[in-house]
Amino acid sequence: KNLDNSYTVGQPTLYDGTFEIKHIGDTFLDMKDWGKGIVFVNGINLGRYWKVGPQQTLYVPGCFLKKG
């Protein structure tokens, strides 16, 4: 979700979100439709992505996730 429910095209924007996990395990985040940015999961920087570059998915080790 957008932190202030508004954004300006071409300007940086912060989003945060949550999800529930039933089974802990290694996975990937598909960021192909997100443009350009950085992803943090539970305070851990997973890395950068860019839709025109080679890095469009980010590996998430299961030990970075919390059940529930």
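The accessible surface of the chain comes to about 5,800 Å². Carbon and sulfur atoms account for 54% of that surface. Accessible areas come from the Shrake-Rupley method with a 1.4 Å probe, and for residues only the protein chains shown count as cover. The model is predicted: local features need pLDDT of at least 70, side-chain atom pairs count only at pLDDT 80 or more, and totals for chains, interfaces and linings use all residues. Residues are numbered from 1 along each chain as its sequence is written, and side-chain values use heavy atoms, with hydrogens and water left out.

The C-alpha atoms fill a box of roughly 35 × 30 × 15 Å along the principal axes. The chain has 68 residues, and 24% of them are buried. Buried means under 20% relative accessible area, exposed means over 50%, and partly exposed lies in between (1.4 Å probe, protein chains only). The chain holds zero helices and four strands. Helices (H or I, at least four residues) and strands (E, at least two) are DSSP runs, numbered from the N terminus. The order of elements from the N terminus is β-β-β-β. Contact means heavy atoms within 4.5 Å. Among contacts between residues at least 6 apart in sequence, 44% join residues at least 24 apart.

The chain carries 8 positive and 6 negative charges, and their mean positions are 3 Å apart. Lys and Arg count as positive, Asp and Glu as negative; His and the chain ends are not counted. The place of a charge is NZ of Lys, CZ of Arg, CG of Asp or CD of Glu.

The largest nonpolar core has nine residues: Ile-21, Met-31, Val-39, Val-41, Leu-46, Tyr-49, Leu-58, Val-60 and Leu-65. Strands β2 (36-41), β3 (44-50) and β4 (57-60) each supply at least two residues of this core. A nonpolar core is a set of buried Ala, Val, Leu, Ile, Met, Phe, Trp, Tyr and Cys residues joined through side-chain atoms within 4.5 Å. In soluble globular proteins, nonpolar side chains tend to be buried together.

Ile-21 lies in the segment before β1 (27-30). Ile-21 is buried because its relative accessible area is 12%. Beyond neighbours within four places in sequence, Ile-21 is in contact with Leu-65, Lys-66, Lys-67 and Gly-68. Ile-21 and Pro-61 are 40 residues apart along the chain, and their C-alpha atoms are separated by 13 Å.

Val-41 belongs to strand β2. Its relative accessibility is 9%, so Val-41 counts as buried. With residues up to four places away in sequence set aside, Val-41 touches Leu-29, Leu-46, Phe-64 and Leu-65.

Gly-47 lies in strand β3. At 18% relative accessibility, Gly-47 is buried. Leaving out neighbours within four places, Gly-47 is in contact with Gly-37, Ile-38, Val-39 and Leu-58. The C-alpha atoms of Gly-47 and Leu-58 are 7.0 Å apart, and the two residues are eleven apart along the chain. Gly-10 sits in the segment before β1. Its relative accessibility is 72%, so Gly-10 counts as exposed. Gly-10 and Gly-25 are 15 residues apart in sequence, and the C-alpha to C-alpha distance is 35 Å.

Asn-42 lies in the loop between β2 and β3. This residue is not a glycine, yet its phi is positive, about 50°. Most residues other than glycine have a negative phi. Asn-42 is partly exposed, at 45% relative accessibility.

Two aromatic pairs were counted. Rings of Phe, Tyr and Trp (its six-membered ring) pair if their centres lie within 6.5 Å; planes under 30 degrees apart count as stacked, over 60 as edge-to-face and the rest as tilted. The rings of Tyr-15 and Trp-34 have centres 5.9 Å apart and planes at 90°, so this pair is edge-to-face. Tyr-15 lies in the segment before β1 and Trp-34 in the loop between β1 and β2, so the pair ties together parts 19 residues apart in sequence. Tyr-15 is partly exposed, with a relative accessible area of 45%. Trp-34 is partly exposed as well, at 49%.
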